[in-house]
Amino acid sequence: MATDATEYAVFLVDLDGRLICWNVGAEHLFGYQSPEIVGQHFSRFFTPDDILTGQPEYELKTALATGRVESNRWQLRKDGSQFWCHANVTPLLDEHKQTRSFARVMHDLTENVAVKTQRERADGLAEANRNKEEFMALLSHELRSPLSPIRNALNILRQMKTNDPLIEQAGNIIDRQVGVMVKLVDDLLDISRITKGKLRLTKEPVELRVVVNNAAESARTFIDARKHEFSVSLPTASIWVEADPFRLEQIVVNLLNNAAKYTYTGGLIRLSVGQEGDEAVIRVKDNGVGIAPALLPHIFELFTQVDGSLGRSYGGLGIGLALARNLVEMHDGRLQATSAGLGTGCEFTVKLPLLHNHALPAVKTMLKPGQPAGQSLHILVVEDNVDAADSLSLLLRLHGHEVQVARTGPSAIEMAAADRPDLILLDIGLPGMDGYQVAKHLRELPDFAGVTICALTGFTPSEADRQRQHETGFNHYYIKPLSLEILLELCKTIVPASPHE
């Protein structure tokens, strides 16, 4: 049985350690045929370090003294390669119970070690991924916090009367860029969705010229800083597509920023929009560094960057083009790159299906800035960030509401109990007593079942957060920064308990 066993290597050695028997399994494991190895000392299977420390002799002496010895160690094949081996050495006795030889049975553990190593590596990667996600969540919260007071301050400035077009233009730029920052933070928080192409789109009929023109304005600051000559060519007729307007603008901005980064100072960048058959076409062309033929097939892969100091000096994660292609494909379109090679510039082309027979949207009358949105409400703002709380309070007062501000959870409960509000805007990340605890206490106050309580947070809510929101009695859950339009629409839906001056 030992001779025919193939899963295990089995050989016998005499009292001096020389081989006297060699099975098929040993031939497979070590690579020696029986005639070329029998008579040789079994130490030739050990590494030089083991021979130096006397491991072969130790196995025989220990087996002789204790009746058995086991070990896990590296062994050498005929070709010099190593494998991780489990060995069991047992003395064999004659009829007089005297040791006549030793049997050494071995099993290759290399595959088990590889599996264990792979599992440990996978566990390490999973832990690193969890740490990354926690860091990205914290980073997104820290980035969102200053965006709220910036947007509130901008809305306050827009209530001031001015006929200066520069101020109006600057306000529009700030508003667009805050929106872009909010979306970029969301992308950073959920990087796994970017890599898997699972971003959610909110599609609607979009006039392509408007979106492209907004993208050009958003990218113009960076392009002008690089002193490029920038031209935009738009058709006279409307071109409609079904798209997410922000994501479509993000595609064009990414392509323009990429062109500006990889074009030497004073270069040329051309942006054009047109129609070819049943497709809308957006082209971004530059005379920059170009793309090497070997890199061109990989230019849309995640974290791919053109090698060289020109683009690297302006940073970036190398996700812009990969994200742009994902977004274009989610719009049922195509994104292509062409370049004649290094130093020849490049051209990126976006092709999207046209939206036919689209009727122009009906004109809507919007509320004028500064006028009350519905009836005056008594609103309690609970926020520990001073700028965020004060700017939101001032903005609500400009729209005719009575506002109180609480910096902590206990003070919020005290104010609410003394003067019942119609609406509570409650920050989740309060010091000491968090927003969930505050909401639970507020719901326990007399006559608070009809009070609208809204959560404000810088974190994207998980399923656990949504469950906790339901349990603690929040009516709405908003991600910072809360837009003015959403806030005013919310105020319209609330009926005050009693008139407020």
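Helices (H or I, at least four residues) and strands (E, at least two) are DSSP runs, numbered from the N terminus.

I noted that this is a predicted model, where local features need pLDDT of at least 70, side-chain atom pairs count only at pLDDT 80 or more, and totals for chains, interfaces and linings use all residues. Residues are numbered from 1 along each chain as its sequence is written, and side-chain values use heavy atoms, with hydrogens and water left out.

**Helix α11**
I looked up residues 320-330 and found these buried: Leu-321, Ala-322, Leu-323, Ala-324, Asn-326, Leu-327 and Val-328. After α11 comes Asp-332, which has a positive phi, near 60°.

**Helix α13**
Which residues of α13 (409-418) are buried? I found Gly-409, Ala-412, Ile-413 and Ala-416. The buried residues pack against β13 (378-382), β14 (402-406) and α14 (435-443); contact here means heavy atoms within 4.5 Å.

**Strand β12**
I saw that six of the eight residues in β12 (346-353) are buried. Strands pair if DSSP finds at least two bridges between them. Eight bridges join β12 to β10 (279-286), running antiparallel, and Ile-282 has Val-350 as its bridge partner. Strand β11 (334-338) is also antiparallel to β12, with five bridges; there, Thr-338 stands opposite Glu-347.

Key: Buried means under 20% relative accessible area, exposed over 50%, partly exposed in between (1.4 Å probe, protein chains only).
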